[in-house]
Amino acid sequence: MSIDLLQNEIGGRYRDLSPMAQGGMGLLLSAVQVESGRKVAIKVLSCSLAGEPPPELKARFLREARAIGRLSHPFIVRVLEIGDHGQIPFFVMELVDGETLGAFIARQKTADIPRHLRIVLDMCDALKHAHQKQVIHRDLKPDNVVLLEQGGLKVLDFGLAKVDEQTNLTATGTIMGTPAYMAPEQLEAELTDHRADIYSLGIITYELVTLKVPFPGDSFYLKTKRPPATPSSVNGDVSPALDAAILRSLAISPEDRFQSVQEFELELSRCLKEYVQFSDLAVMAQDWKALLQTDLERLASEGAPGAGPIVLKEGMVRDVVLLVVRLLGATSTPSRLQREGVSFVRDRTLCLLTQEVERFGGTLDRYEPDGLVAFFGS
């Protein structure tokens, strides 16, 4: 079946279908959503274009779509529609513009450790959300991460994802993934859990701070036998604390690794502080909760006549409250902080704000370069 027939299958909702890339299982197309005019990406099960696809492949393909579909995070590619028209399963995603992390690493001549650790912390934030939703990626690697031009990143390609409460579609004894980034238990075709993603994230962290993978080429099988060389033996700028964190993430036994992405993220955040010097935190040291309370009171005074002040109470839910947070001074006065310091404060402040929004019963809608948008209520 041709792309023209696919165009007929999906009706008049998308136009200008054009092949972008061919993967092991799926064909990726660019298209334009007719109603909104925005560009999107459509992933189609390749073999379905030639006839009825095998049931197992079709199930695996739709599993990827549903796995991403249950996730809602600014650092994870967003699914807009899942379809199974006729014999052609497909799903529509936002079209991501940027450079893959793999291409980014390949053109680096030296490792900018603070900058590169912030990339890992963004990946941690995405994986935390996925694991909270019981989704395990299982094929995390630099080519499945896109760095956005405006900042931030997107984790892509959940083709091997496992949703914990679903039946595992990978038979025991089957090895699937990218060997250089796979956990030892994946290489040995054992059952895996979220700690396999932590191992893959450790490999990426090692590569970002040394510009080398720990088990290159055909030596990947050695990861089942021994730990890698210390990152500091490759790059002398790697601190002892960062050495220890990366090596723990790369422990052969899952029980010896960090037991959650949150643990790994916390340790990397501590390591990052060793590389960042702050000269003036006057702007960022303001009490953001007090500022937020002031904004809520102002909004109340601008609302209905006689409306009283809104007081933040933990667990409070209103009909609908839209919260837009801007970090004042983060971009207008870059000379006040070193460049690394500005980005570090911004990224970590946004993470802390997100935690507080969720603690007060809110939901994060999206991150923006200098703030976030969230809502309370339903």
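I take helices (H or I, at least four residues) and strands (E, at least two) as DSSP runs, numbered from the N terminus. The model is a predicted one, and I therefore keep in mind that local features need pLDDT of at least 70 and that side-chain atom pairs count only at pLDDT 80 or more, while totals for chains, interfaces and linings use all residues. Residues are numbered from 1 along each chain as its sequence is written, and side-chain values use heavy atoms, with hydrogens and water left out.

**Entry 1: Pro179**

I looked up Pro179 and found it in the loop between β10 (162-163) and α5 (184-187). Its relative accessibility is 31%, and because buried means under 20% relative accessible area, exposed over 50% and partly exposed in between (1.4 Å probe, protein chains only), I note Pro179 as partly exposed. Contact means heavy atoms within 4.5 Å, and by that rule, with neighbours within four places in sequence left aside, Pro179 touches Leu187, Phe220 and Lys223. I also noted Tyr221, which is 42 residues from Pro179 in sequence but 8.0 Å from it in space, C-alpha to C-alpha.

**Entry 2: the whole protein**

I counted eleven helices and 13 strands in the protein, and of its 378 residues 48% count as buried. Among contacts with a separation of 6 or more, 60% are accounted for by residues 24 or more positions apart. For accessible areas, which come from the Shrake-Rupley method with a 1.4 Å probe and, for residues, take only the protein chains shown as cover, I have a total for the protein of about 18,200 Å², of which 52% belongs to carbon and sulfur atoms.

**Entry 3: Arg195**

Arg195 has its place in helix α6 (residues 195-210), and I record it as buried because its relative accessibility is 13%. Which residues beyond four places in sequence are in contact with Arg195? I found Glu185, Pro254, Glu255, Arg257, Phe258 and Gln259.

**Entry 4: the sheet of β6, β8 and β9**

I followed an open sheet of three strands in the order β6-β8-β9, with antiparallel pairing. Its edge strands are β6 (98-100) and β9 (153-155), each of which pairs on one side only; two strands pair if DSSP finds at least two bridges between them. Neighbouring strands of this sheet are turned by 25° against each other on average, direction ignored. Strand β8 (residues 145-148) is joined to β9 by three bridges, the two running antiparallel, and Val146 has Lys154 in β9 as its bridge partner. Helix α4 (residues 113-132) packs on the sheet, where it touches β8 and β9, and its direction makes about 45° with that of β9. Axes are lines fitted to C-alpha atoms, for helices over the stretch in contact, and angles run from 0 to 180 degrees between N-to-C directions.

**Entry 5: Gly362 and Leu322**

I placed Gly362 in strand β12 (residues 362-368) and Leu322 in strand β11 (residues 320-326). Is Gly362 buried or exposed? At 10% relative accessibility Gly362 counts as buried, whereas Leu322 is exposed, with a relative accessible area of 56%. The two are 40 residues apart in sequence and 9.4 Å apart in space, C-alpha to C-alpha. With neighbours within four places in sequence left aside, I found Gly362 in contact with Val357, Phe375 and Phe376.
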